[in-house]
Amino acid sequence: MRPRIIPTLLIEDGGLVKTQKFSKGKYIGDPINAINLYNEMEVDELIIIDITASKMEKNPDLEMISETCAEAFMPISYAGGVTTIEQYEQIFNLGVEKVSINSSLRKNPTLVKEASKHFGSQSVGAIVDVKKNFYGQYKVYDHCDRKLTNLDLKDYLERVQGLGVGEIIIYSVDRDGMMSGYDMDLISKVSSTVKVPLIICGGANSICNMVEAIKNGADAAAAGSFFVFSHTKTGGVLINYPSQEELTLAFSKLATE
Amino acid sequence: MCDMAGGNTYIVRTPKDLESAERIILPGVGAFDEGMNRLEESGLKDGILSFAKEKRKPILGICLGMQMLGLGSEEGGQAGLGLIQSKCVKFNFNQIGLKVPHMGWDNINRAITHPLLRSVTNLSRYYFVHSYYMKCSFQENVLATCSYGDKFTVAVANQNVSGVQFHPEKSHKYGLALFKDFMRWKL
């Protein structure tokens, strides 16, 4: 099975945006347009994150999710503002495959446990934002408070897996939007701890870089900027995704190694 | 997507809703017992059984919906619908280090020729996300297999009752083609 290559779409106030190191989002366009394009490009999957929902303590925007899913013929992972089992259920009913939570993992750990029991662990994911502290150690970052926590990454990942999540998205804050390449050191470190499928996000700058991330232990590679900006020097907005042939070729070497 | 495939779909909530149906798609996300309990509570369990056995019109189970067609699952204690002689078991790859769930896109291999899989080619790929898979008692019910660690069953049929482990509704044009085949399937 070829590893999944996944565009990550960040939503702020209903618009598609892109951040750098978790800054305020730069407006990219209408998410529905982007999804229609990704549909035609036959992307493996989409991750949609409402980046302000939890911060502003807003409920998930069901209308936006519903409009998005109605058009999408690919699996969708949603995250943003989910705090109750009812919200999980509402979102699944709209046709979303996977719902992930981030800040709720810390505020209400029983929520994800309950969700995994109800909906099956394969539909329940976690997003973990990671940032290096002053001493260069990886720590869990809290995007709502905009600051590093004291939580040790390894302990935290073990705890989160104990709650029954079926997938973990590791999001590197330092690499977000920089297109400077994934943090391979981070991938190697977390991959020894994460037993469920591991998605890396933050920093992708080429398909080769994604293959490299998989070699280092990720199960899937996600990218925001790389799939919404053109890869030329001027770098304007350009929704893009490699063809199946390109992906098969890029990963064929991996399979024979 | 089913409407695009030439169907005229509606959502069934009560057994009465089944009366005008010509075909049933039984989707499913979630845990086995939870799914069976819901079918039982809503009265749909009996509704689906009589649709399958008396009306004898096509049924397609998807993912958990397929697993519920069988006799039961390691995931829970509830009995399934029993329309296909099978049991669901969990992937166990402790030795070889493959991850569970089996999640992502895969090609499938047809075991026999069947109208439901008419569109399948070597290039067709389908989206999977599951930790349990179906083990059929009778090889003739196995329509297609896929390989993850070992070969396992991904599509089944027993007369008018069929099921697929992958998600056609999330599998781009390949899934759409399968729905078209399901809509055209005549017994």
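**A tour of the rings**

Start by selecting A:Tyr141, which is buried, with a relative accessible area of 7%. Keep in mind as you look around that this is a predicted model.

Over all chains the structure holds 19 aromatic pairs, and A:Phe22 with A:Tyr141 is one of them: an edge-to-face pair, 5.8 Å centre to centre, with 85° between the planes. Colour by secondary structure and you'll find A:Phe22 in the loop between β2 (15-18) and β3 (26-29) of chain A, while A:Tyr141 sits in strand β8 (residues 138-142), so this pair ties together parts that are 119 residues apart in sequence.

Next stop: A:Phe92 and A:Phe119. How far apart are the ring centres of A:Phe92 and A:Phe119? They are 4.9 Å apart, and the planes meet at 55°, so this pair counts as tilted. A:Phe92 belongs to helix α3 (residues 85-93) of chain A and A:Phe119 to helix α5 (residues 109-119), so here the parts tied together are 27 residues apart in sequence. Check the burial while you're there: A:Phe92 is buried at 12% relative accessible area, and A:Phe119 is buried at 7%.

Time to hop over to chain B. Select B:Phe91, B:Phe93, B:Tyr126, B:Phe128, B:Tyr133, B:Tyr148, B:Phe152 and B:Phe166 together, and you have a cluster linked by ring pairs.

B:Arg125 lies over the face of B:Trp105, 4.8 Å from the ring centre. For the other, pick B:Arg23, which lies over the face of B:Phe182 at 6.0 Å from the ring centre.

Methods
Residues numbered from 1 in each chain as written. Chains lettered and ligands numbered in written order. Predicted model: local features only at pLDDT ≥ 70, side-chain atom pairs only at ≥ 80, totals over all residues. Heavy atoms only, no water. Phe/Tyr/Trp six-rings, centres within 6.5 Å; stacked < 30°, edge-to-face > 60°. Helix = DSSP H or I, 4+ residues; strand = E, 2+ residues; numbered from the N terminus. Buried < 20%, exposed > 50% of the residue type's maximum accessible area, 1.4 Å probe, protein only. Lys NZ or Arg CZ within 6 Å of the ring centre and 35° of its normal.
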